[in-house]
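Notebook open, viewer loaded. I'll jot things down as I look them up.

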Amino acid sequence: MTTAQFYCRCCTASLLGKKYVLKDDSPYCVTCYDRVFSNYCEECKKPIESNSKDLCYKDRHWHEGCFKCTECNHSLVEKPFAAKDERLLCTECYSNECSSKCFHCKRTIMPGSRKMEFKGNYWHETCFVCENCGQPIGTKPLISKESGNYCVPCFEKEFAHYCNFCKKVITSGGITFCDQLWHKECFLCSGCRKDLCEEEFMSRDDYPFCVDCYNHLYANECVACSKPISGLTGAKFICFQDSQWHSECFNCGKCSVSLVGKGFLTQNKEIFCQKCGSGMDSDI
């Protein structure tokens with residue numbers, strides 16, 4: 001390009017002795033270049049002129065002095081930053097706004113730091129500690145109560161109940177019988193060792209028995225039907241001297257009328273209504 005040809009491509013003004021800007025190998029005076037080619041700042045909406053630094057991020061432009069965190073207004077020039085909903089945020093503001101908060105100290109869990117999750121909540125690793133001994137729980141087994149989280153040794157020391165059968169800790173559930181606690185899997189018939197968790201059972205000297213074992217070992221026999229009288233589910237029975245009857249079996253030995261609540265006569269261990277027993281030698 002000769003001196004005679006050294007003019008602004010836009011306004012054709014001579015550029016001899018003046019500042020100019022080359023664009024696609026063509027010279028422009030500063031005024032024309034700024035007017036035609038300058039980008040506009042996202043923050044202040046003014047053109048970013050050729051004598052200013054143009055900071056660009058994803059086809060958006062800022063003056064150097066306008067390139068700031070939208071939350072705390074600190075400069076982001078040559079600093080790490082993040083974008084959320086088209087807003088630029090410094091790493092601290094981004095963490096405060098977007099990162100998880102510690103359930104214990106309520107402070108932000110910074111990206112890259114280790115966090116513990118339990119029941120939908122998050123803790124700093126150093127905040128996730130046993131409520132009793134204060135030691136970090138980490139990934140060790142724990143037991144949670146309304147008052148906090150506990151390591152297993154502290155929970156057993158402070159709160160645990162012990163099974164009356166195996167003497168081991170009951171951590172959840174369990175069955176109460178005679179003011180004692182059992183694991184469900186330990187609550188067995190004292191005779192045949194049958195699981196009683198979902199079964200009807202009887203008690204003898206504070207020991208549980210299935211109905212069959214109780215009837216076999218301890219139940220009295222009905223004088224009339226010779227079947228055991230268990231008293232299960234509130235079944236009623238009649239006692240007279242050393243004999244017992246099911247309520248439905250306590251009938252006249254001759255006419256079979258029920259004698260429950262009525263006067264009766266006995267003869268040779270049989271019972272009769274007063275009508276049928278008339279004329280017989282009574283035992284009473």
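Which residue takes a positive phi in the hairpin of S9 and S10? I find Lys119, with phi near 55 degrees, in a hairpin that has two residues between its strands. Strands here are DSSP runs (E, at least two residues) and helices likewise (H or I, at least four), numbered from the N terminus.

Before going on, a note on ground rules: this is a predicted model, where local features need pLDDT of at least 70, side-chain atom pairs count only at pLDDT 80 or more, and totals for chains, interfaces and linings use all residues. Residues are numbered from 1 along each chain as its sequence is written, and side-chain values use heavy atoms, with hydrogens and water left out.

I see Met116 opposite Trp123 in S10. S11 and S12 also form an antiparallel pair with four bridges, and a hairpin of two residues joins them. Leu142 faces Cys151 of S12 there.

**Largest pocket.** I looked up the space next and got about 280 Å³ for the largest pocket. Of its 17 lining residues, Phe103, Trp123, Glu131, Gly148 and Asn149 are closest to the centre. Strands S10 (121-124), S11 (142-145) and S12 (148-151) each give two or more residues to the lining. For the method, a pocket is an open set of points on a 1 Å grid over the protein atoms alone, where a 1.4 Å probe fits and protein lies on both sides within 12 Å along at least five of seven lines; lining residues have an atom within 4 Å of a point. Points are joined across faces, edges and corners, and the volume is the space filled by probe spheres set on them. The lining splits into seven nonpolar, six polar and four charged residues. In that count Ala, Val, Leu, Ile, Met, Phe, Trp, Tyr, Cys and Pro are nonpolar, Asp, Glu, Lys and Arg are charged, and the others, Gly among them, are polar.

Is Leu76 buried or exposed? Leu76 is buried, at 2% relative accessible area; the cut-offs are under 20% for buried, over 50% for exposed and partly exposed in between (1.4 Å probe, protein chains only). Leu76 sits in the loop between S6 (60-63) and S7 (81-84). Beyond its neighbours within four places in sequence, its contacts (heavy atoms within 4.5 Å) include Phe67, Cys69, Phe81 and Leu88. I also checked Thr91, 15 residues along from Leu76, and the two C-alpha atoms are 9.7 Å apart.

Thr108 is in the loop between H2 (91-98) and S9 (115-118), and is buried at 12%.

In the S6 to S7 loop, Asn73 has phi near 70 degrees. Asp24, in the loop between S1 and S2, has a positive phi of about 55 degrees without being a glycine. Asp24 counts as exposed, at 69%.

**Helix H1.** Cys32, Tyr33 and Asp34 are the buried residues of H1 (residues 30-37). Strands S1 (20-23) and S2 (26-29) are part of what covers them.

**Record check.** UniProt (unreviewed entry) lists "domain: LIM zinc-binding" at residues 39-100, 161-220 and 223-283. Its positions follow the numbering used here, feature names are shortened, and annotations may be inferred rather than shown by experiment. In the model, residues 39-100 are 13% helix and 32% strand, with end C-alpha atoms 38 Å apart. Residues 161-220 come out at 12% helix and 32% strand, with 37 Å between the end C-alpha atoms.

Notes:
Two strands pair if DSSP finds at least two bridges between them.
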